[in-house]
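Student: I would like a close look at a single part of this model. Please take me through it, step by step.

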Amino acid sequence: MSIALITGATSGFGKAIALKFAEHGYDVIIAGRREERLNQLEHIIKDTYDVKVFSLCFDVRDKIKTEEELNALPHDWKEVDVLVNNAGLASGLSTIQDGDINDWELMIDTNVKGLLYVSRTVMPWMVKRNKGHIINIGSIAGKEVYPKGNVYCATKHAVDAISKAMRIDMLPHGIKVTAIHPGAAETEFSLVRFKGDADKAKQVYNGIDPLVAEDIAEVAYFAASRPKHVVLNDIVITPLAQAAAAYVERKV
Ligand code: NDP
Ligand code: 8X3
């Protein structure tokens, strides 16, 4: 039996990825801050698939708690085959001169430092076994910058750089590193970015057929299910209506 650990599994991509891996027989470790959502997902997976589920409730920004929660996993659960570093967010959309420094810190602490804390703990388990696959969820914002995207784009550029660096460091250990960079996808992402303003969030997807979480889950599982000698290193995926971060064709 294989094990997948997915951060940010309470919503959007992470939830869909956890369900997809469970559907394909993986035991899954699901992580996030919202305990009730983790419990709900744990029940759904256990009721639907014949796999085991372990829920971990922690904030990836909390270095100590992240290490403690992961290190407290039972020995067998530490044989993680696939780590999906998905937890992340955008907070706010404004020029740098008008930016809210708290938003910047939230994004840097979550998207960059949180991903590193989780990876720093889990990667040695993979190295010990000379086996594993790390899937980092970047963004099209990690490949280009767009107006008012500044710090969010910087954090996702960091994810892109970290993914490349991981690939080099993991090479002697036979561990795969895949970075998936989605464009516009309708999840809770924009609701979070606009701090609960549902109208503003909806406008992001006006007149387009956006990606949905299932699209990303399919790609993540496809990457994880290639033969041993094949690695999908870097994948940019957008909806048909999006040619680049800021080039979107709307039918309105
Ligand atoms: P959602 O808001 O639907 O999901 C985000 C997930 O991240 C939630 O499960 C949330 O869980 C978790 N999360 C956020 N902050 C923390 C934290 N501090 N500690 C632990 N978990 C946290 O958005 P998406 O599914 O769209 O986003 C998933 C990833 O995909 C993010 O990294 C995002 O940047 C990236 N992305 C999204 C795109 C989009 O258009 N939707 C496109 C490209 C990339 P909880 O709140 O329970 O902690
Ligand atoms: C999310 C996609 O274009 O809103 O990472 O930054 S975008």
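Begin at ligand 2. One of its oxygen atoms lies 2.5 Å from an N or O atom in the side chain of Tyr 146. Keep in mind that this is a predicted model. Ser 139 also reaches ligand 2: a polar atom of its side chain is 2.5 Å from a ligand oxygen. Tyr 152 brings in a further contact, with a side-chain N or O atom 2.6 Å from an oxygen of ligand 2. Alone, ligand 2 would expose 240 Å², and the protein buries 84% of that. The residues around ligand 2 are Ser 139, Ile 140, Ala 141, Tyr 146, Tyr 152, Phe 189 and Arg 193.

Tyr 152 leads on to the other ligand. A polar atom of the Tyr 152 side chain sits 2.7 Å from an oxygen atom of ligand 1. So what does the protein leave uncovered there? Ligand 1 taken alone exposes 870 Å², of which the protein buries 96%. Around ligand 1 there are 30 residues, and those that come nearest are Thr 10, Ser 11, Arg 33, Tyr 152 and Thr 187. Backbone atoms take part as well. For Phe 13, a backbone N or O atom is 2.9 Å from an oxygen of ligand 1. Strand β4 covers residues 82–85. In a regular strand, side chains alternate between the two faces of the sheet. On one side of β4 are Val 82 and Val 84, and on the other are Leu 83 and Asn 85. Each of these four residues is buried, which leaves both faces of β4 covered.

β4 has a partner in strand β1, residues 3–7. The two strands run parallel and are joined by three bridges. Within this pairing, Ile 6 has Val 84 of β4 as its bridge partner. That is the Val 84 already named among the buried residues of β4.

β4 also pairs with strand β5, residues 133–137. This pairing is parallel too, over four bridges. Asn 85 stands opposite Asn 136 of β5.

Helix α4, residues 101–129, belongs with β4 and β5 to a β-α-β unit. The unit is right-handed.

Note on methods
Residues numbered from 1 in each chain as written. Chains lettered and ligands numbered in written order. Predicted model: local features only at pLDDT ≥ 70, side-chain atom pairs only at ≥ 80, totals over all residues. Heavy atoms only, no water. Buried < 20%, exposed > 50% of the residue type's maximum accessible area, 1.4 Å probe, protein only. Pairing = 2+ DSSP bridges. Right-handed = clockwise from strand over helix to strand, strands pointing away. Near = heavy atom within 4 Å. Polar contact = N/O pair within 3.5 Å; in protein donor to acceptor, adjacent residues only side chain to side chain. Areas by Shrake-Rupley, 256 points an atom, 1.4 Å probe, with all protein chains shown as cover.
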